[in-house]
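Hi,

Here is the structure I promised to pass on. Have a look at it, and then read on for what I found.

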Amino acid sequence: MNARRLVSPLVTLALVLILADVAWHFFSWAIWHAVWTLPENASHAPNTDLCRAALGHGACWPVIKEKFRFILFGFYPYDEQWRPALVILCFVVLFGLSLAPRWWRPSLLLVWVVAFALIGVLMWGGVLGLAFVAEDQWGGLPITLILATLGLAAAFPLAILVALARRAEGLPVIRLLAVAYVELIRGVPLISLLFMSSVMLPLFLPPAWDIDKLIRAQLAFVLFAGAYLAEVVRAGLAALPRGQYEAAAALGLSYAQSTRLIILPQALRQVIPMLVNTFIGFFKDTSLVLIIGIFDLMTTGRTATLEPAWQGFGNEVYLLLAAIYFAFCFIMARISRTLERRLAAPHRNIEEPA
Amino acid sequence: MRPLSRRLPSLRWQALGWQALALALVALVIATFAHNASHNLAARHIATGFGFLRQAAPIPIGETLLSYTPSVSSYGRAFAIGVLNTLKVAIPGCLLATLLGTVIGIARLSPIMLLARLAAIYVEFLRDLPLLLQLLFWYGVFQTLPAPKQSLQPLPGVFLSNRGLRFPGLLWQNGFALVLLAAVAGIVFAAILARRAALSPRRRLRLAALLPIPLFPALALAAVRPAFIVAWPTLHGFNFQGGVLMSPEYAALATGLILYTASYIAEIVRGGLVSVSSGQWEAGAALGLPRSAVLRLIVLPQALRLIIPPLTSQYLNLVKNSSLAVAIGYQDLVSIADTTLNQTGQAIEGIALIMVVYLAISLAISLAMNLYNAHLARTTR
């Protein structure tokens, strides 16, 4: 019995020792031996020799200072980069509003429309005295946010239709089409869909339609998100008590009326936490556009480490990327968990004034 | 609720109308795409059909499980190698991710505070970072290892360098096939015996059922006596020769996939364990069983029924995620298909092949796990 009592303190001690070792190595690399500033060479570019000498045992933080703007905004014209910065702020506000239960009302839809219009104006410009910036110059975090958020927003109506179609009774053909779509998309990797958008879609469209690569990738994301969201919505529909359907029918409501007024509002509200989790997945998955050469946050980060002068300092850049992705995902995951608890609470008076 | 369409004839016609409309729309889209594709392909002088699979493929492939010579072997063979390379990372990946995920999931519920906290941090951290970022990081780690001449040697004969991991291997001998076959037969036989013995209260008998597992291969070994020739890696010039090579690409992909998927599996295992009512733990403790025995004999078997379905989708995710190999240069199916469609221009066929293979793998995993789940449902209730 005594031996068993020793297990817990021994394991704790071993873990503390391991943690201390890891922490020591990290601090030694990130602070103690790190290079913080670099002298300039003849052409006023930083001379990276100091960093190169420290490679392996000390971090090179000037790479972040030098590449920060490129990683965040890509090839967006340098003087106009306040615009994508505002776009990022727009997204943060939009997420904040959408995740607060007291904003869950139809007017939220209007907020989304206005937000996307604003984002479009800021990114493209060409009006209100803003210089026009074409899509192929966009890059960095705004691309990641646009791909994920617009993908979700556009896929949502599609997902609701597909989820309803999958549960449609007495319509076997429509149900089969919905099942085929969902299972096909969920059965193949996202990369194959992105390849489809980048090399196969142009073959399927008339030659005159020259759609930008970014928009084609966005289409692939909508298709992808639609299938996964449809399953989320279907789970919400399935979880609704039968009594709700029967009560709607008893009131003499038509299928469209009962779906719009009774079924969907309740089903969708229940799946909001799951929706947020799915969105976190999309947010991470947008990084895959690296493979088809679209300049999202991951690609700008990777490109920053490929420049000869800064080669070999990938870990510093990856740490920055990790911090950005982590901040978004972690906060959203936390909110989703809080929402989940609130929705699971026995009395669901979410809109009850405090 | 009874479908409305069966209650009212007018609605039945309406239902038919909607379905005909949906079918017509899909047919229209497909027809338009086909028409455009044939026009575009002709304009770009791109061949159609799967004839290219028999042409010689000028793709250099680093890791091959089948014999392959660039520019001599066919595209079909290159594809087969790609499929095998995908499986080569996916199968061990699923097994090891399950193992690690289970350990971490159990650790999250450990009464040792620090262990539980660390497991929670692991899960939170790895789940909130894109897998691609993790893969690029691991690839960087494996690439910045020392050159072969200064390679790390964690164990004698095992070399870790920027050319990958080299470890000693057995050279394939003729008799090995028979031994392998005997080992499989031993496992199958033991499974049949174990099922018979499971009802017996005698512990010895249940243990005896496992005997065929070592016995069968041992008998086969004694019968054919293949020579054991160990191939040790040796340094020749700037690189190693001999032994078994695990390339940096493979190592990075496998590491990233296993660590990432394990974080999801840990949550599934934890959820399954939590769902087993605490009365089960208490009952086990009241019987005087140690915590580990309660976990192994009472809680895990009950949790398994809840764990299997989400575990299946994690396996499917791992297989699909293995396609990120293309970003770090491991030549899996997607990477080889990508090269192929760049060389031949036959994008439609290439992507169709990728999709068919992944759908087949997904279906196979779903089927196997559903069978296992059905088996569990039968035996535990």
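B:Leu114 sits in helix α3 (residues 113-127) of chain B; helices here are DSSP runs of H or I with at least four residues, strands are E runs of at least two, and both are numbered from the N terminus. With 16 C-beta neighbours inside 10 Å, B:Leu114 counts as partly exposed. For that label, a residue is buried if 20 or more other C-beta atoms lie within 10 Å of its own, exposed if 12 or fewer, and partly exposed in between, with C-beta atoms placed from the backbone. Apart from neighbours within four places in sequence, B:Leu114 is in contact with A:Thr12 and A:Leu15. Contact means that the C-beta atoms of two residues, placed from the backbone, lie within 7 Å.

Before the rest, a word on the model: it is predicted, so local features need pLDDT of at least 70 and side-chain atom pairs count only at pLDDT 80 or more, while totals for chains, interfaces and linings use all residues. Residues are numbered from 1 along each chain as its sequence is written, and chains are lettered from A and ligands numbered from 1 in the order in which they are written.

Now the contact between the chains. It takes 44 residues from chain A and 43 residues from chain B. On the chain A side, α1 (2-32), α7 (172-187), α8, α10 (242-250), α13 (297-306) and α14 each supply at least two residues. By class, the side of chain A that touches chain B has 32 nonpolar, eight polar and four charged residues. The classes: Ala, Val, Leu, Ile, Met, Phe, Trp, Tyr, Cys and Pro count as nonpolar, Asp, Glu, Lys and Arg as charged, and the others, Gly among them, as polar.

Where is B:Asp338, and is it buried or exposed? B:Asp338 lies in helix α12 (residues 333-344) of chain B and is buried, with 25 other C-beta atoms within 10 Å. Not counting residues up to four places away in sequence, B:Asp338 touches A:Phe195 and B:Val326. B:Val326 is twelve residues from B:Asp338 in sequence and 8.5 Å away in space, C-alpha to C-alpha.

Axes are lines fitted to C-alpha atoms, for helices over the stretch in contact, and angles run from 0 to 180 degrees between N-to-C directions.

A crossing is left-handed if the near helix is turned anticlockwise from the far one by less than a right angle, and right-handed if clockwise. The α8(B)-α10(B) contact has 13 nonpolar, six polar and no charged residues.

Over to chain A, which has 14 helices and zero strands. Its C-alpha trace spans about 80 × 80 × 45 Å along its principal axes, and 35% of its 354 residues count as buried.

A:Phe195, the contact of B:Asp338, is among the buried residues of α8(A). Eleven of the 15 residues of α8(A) are buried, so this helix is largely enclosed by the rest of the structure. Helix α8 (residues 190-204) of chain A bends by about 45 degrees at A:Ser197, the bend being the angle between axes fitted to the seven residues ending there and the seven starting there.

Last, helix α12 (residues 272-285) of chain A packs with helix α14 (residues 314-344) of chain A at about 170 degrees, axes 8 Å apart. The two are therefore roughly antiparallel, and α12(A) passes α14(A) in a left-handed crossing. By class, their contact has 14 nonpolar, two polar and two charged residues.

Cheers

Key. Parallel < 35°, antiparallel > 145°, perpendicular 65-115°, else oblique.
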